[in-house]
Each structure stands twice: as C-alpha cells, then as structure tokens.
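Trainee: Please take me through this structure by question and answer.

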Amino acid sequence: TLLPHLMFLQRPFRWLQAITRFQATLSGGPNFAYDLCLRKIKPEQRAQLDLSSWEIAFNGAEPIYPKTLDQFAEYFAPCGFQREAFFPCYGLAEATLMVVGGPKGRLPPMTNLVKSALEENKVIITPECGPDTRTLVSAGQNMGKQNIRIVDPETGRRCHPNQIGEIWVSG
C-alpha cells in the first residue's frame, strides 16, 4: 500500500489509518513523519487506531531524535504500538536505500555524547544526560556486503574511531 507524500502531509492520520486498516507489519518514514503525527493526530483520532500489527516502524533519512521515539511510543501505546517496533536505519537511493539497520524487535540503541566535543568533530561518550550532552540514536550496522567508511572529507583519509567524518559507501 502506497500513500502519496502530499496526502500524508495534508493529513498524517491517513498513514496510521492505513496501517490499522491493512494490518500493516512494516511501514515507516523520516523522523519528521513521526513528529508530524504527534503534532496533528488528535486523541479522538488516536482512539480509532490499532497499531498492534506494526512490527517494523523504520525511521531514517535524517537525524533520529530520541525525544521523537519516546513521545511517539508513549502517545500511541494505547493503540498497541510497541516501542520495540522502531527500526532506526540509514540509507540512500544510490545504495538501493538500506545501508545500515539492525534486528527487529529491539529497543533502538542510544548513546550520550559530550556536545562540546562534537563541535570539534570528536566523539566522547558519557553515561550522563545534561546540558552539555546530546543523545544520538544508532542507525545500526552494515546490512549487506557494502564497504562503509567514516572519512575526513578534507583529506580523504579514514577517521580514527572517535572522530567525526563523512559516511562513504561503496559496494
């Protein structure tokens, strides 16, 4: 079942209504789609939804925000939505969409990073959440036989493990 993007943008309820009607097990979109549902779907509309069949709710194509995952899971829990259905992923058309992802039925892995270090293209993991932290959602691991590298775009050299760079994919 395909839903034209303009129909979704005009009325996000249509997406979740289609999942309910066809008992869809797999559906998803970019993070903003989940945010838009939170902003636009009223409690009386939510009462009409049954999202218990939804096994894989992929979320990709832009940064995935923990707040969105938390709020969506909480708001749509009364409809049978399971937080473990979230499937963070990253893809691009040149790779036939899926580049990285993870197993279904698990909570999305999240890591707290020191925000000031990120501004210097460094990764410092911290167990705490605070004003100088940013929580990132992992998009998963290599799903195929692709070559994935994190590269310094200035030099073209592979980054060190705790250094930020561009994602280069081939395969």
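Mentor: Helices (H or I, at least four residues) and strands (E, at least two) are DSSP runs, numbered from the N terminus. This is a predicted model, in which local features need pLDDT of at least 70 and side-chain atom pairs count only at pLDDT 80 or more, while totals for chains, interfaces and linings use all residues. Residues are numbered from 1 along each chain as its sequence is written, and side-chain values use heavy atoms, with hydrogens and water left out.

Trainee: Is glutamine 23 buried or exposed?

Mentor: Buried means under 20% relative accessible area, exposed over 50%, and partly exposed in between (1.4 Å probe, protein chains only). The relative accessible area of glutamine 23 is 58%, so this residue is exposed.

Trainee: On which side or sides of α2 do its buried residues lie?

Mentor: In helix α2 (residues 13-22), the buried residues are Phe13, Trp15, Leu16, Ile19 and Thr20. The arc that they cover around the axis is only 165°, taken from the directions from the helix axis to the C-beta atoms.

Trainee: Which elements do the buried residues of α2 pack against?

Mentor: Contact here means heavy atoms within 4.5 Å. The partners of the buried residues of α2 are α1 (5-10), β1 (26-29), α3 (31-40), α4 and α5 (66-76).

Trainee: Is serine 53 buried or exposed?

Mentor: Serine 53 sits in the loop between α4 (43-46) and β2 (56-59). Leaving aside neighbours within four places in sequence, serine 53 is in contact with Ile19, Gln23, Ala24 and Thr25. Its relative accessibility is 18%, so serine 53 counts as buried.

Trainee: How far from the side chain of serine 53 is the backbone oxygen of alanine 24?

Mentor: Alanine 24 is one of the residues in contact with serine 53. From a polar atom of the serine 53 side chain to the backbone oxygen of alanine 24, the distance is 2.7 Å.

Trainee: Which side chain makes a polar contact with the side chain of threonine 135?

Mentor: Threonine 135 belongs to strand β7 (residues 133-137). Not counting residues up to four places away in sequence, threonine 135 touches Pro66, Met110, Thr111, Asn112 and Cys129. A polar contact is a pair of N or O atoms within 3.5 Å; within protein, one must be able to donate a hydrogen and the other to accept it, and residues adjacent in sequence count only if both atoms are side-chain atoms. At 2.6 Å, the side chain that makes this contact with threonine 135 is that of asparagine 112.

Trainee: How many salt bridges are there?

Mentor: A salt bridge is a side-chain nitrogen of Lys or Arg within 4 Å of a carboxyl oxygen of Asp or Glu. One of them joins glutamate 120 and lysine 122 (3.8 Å, N to O). By this rule the count of salt bridges is 3.

Trainee: How many residues apart in sequence are the parts that lysine 104 and glutamate 55 tie together?

Mentor: Lysine 104 and glutamate 55 form a salt bridge, with their closest N and O atoms 2.8 Å apart. Lysine 104 is in the loop between β5 (97-101) and β6 (110-114), and glutamate 55 is in the loop between α4 and β2, so the separation in sequence of the parts tied together is 49 residues.

Trainee: Which residue of helix α5 does arginine 83 pair with?

Mentor: The side chain of arginine 83 takes part in a salt bridge of 2.8 Å, N to O. Arginine 83 lies in the loop between α5 and β3 (86-88) and its partner in helix α5, so the pair ties together parts 13 residues apart in sequence. Arginine 83 is partly exposed, with a relative accessible area of 31%. Its partner is aspartate 70.

Trainee: In which loop is asparagine 121?

Mentor: Asparagine 121 has a positive phi of about 60° although it is not a glycine. With a relative accessible area of 42%, asparagine 121 is partly exposed. Its place is the loop between α6 (115-118) and β7.
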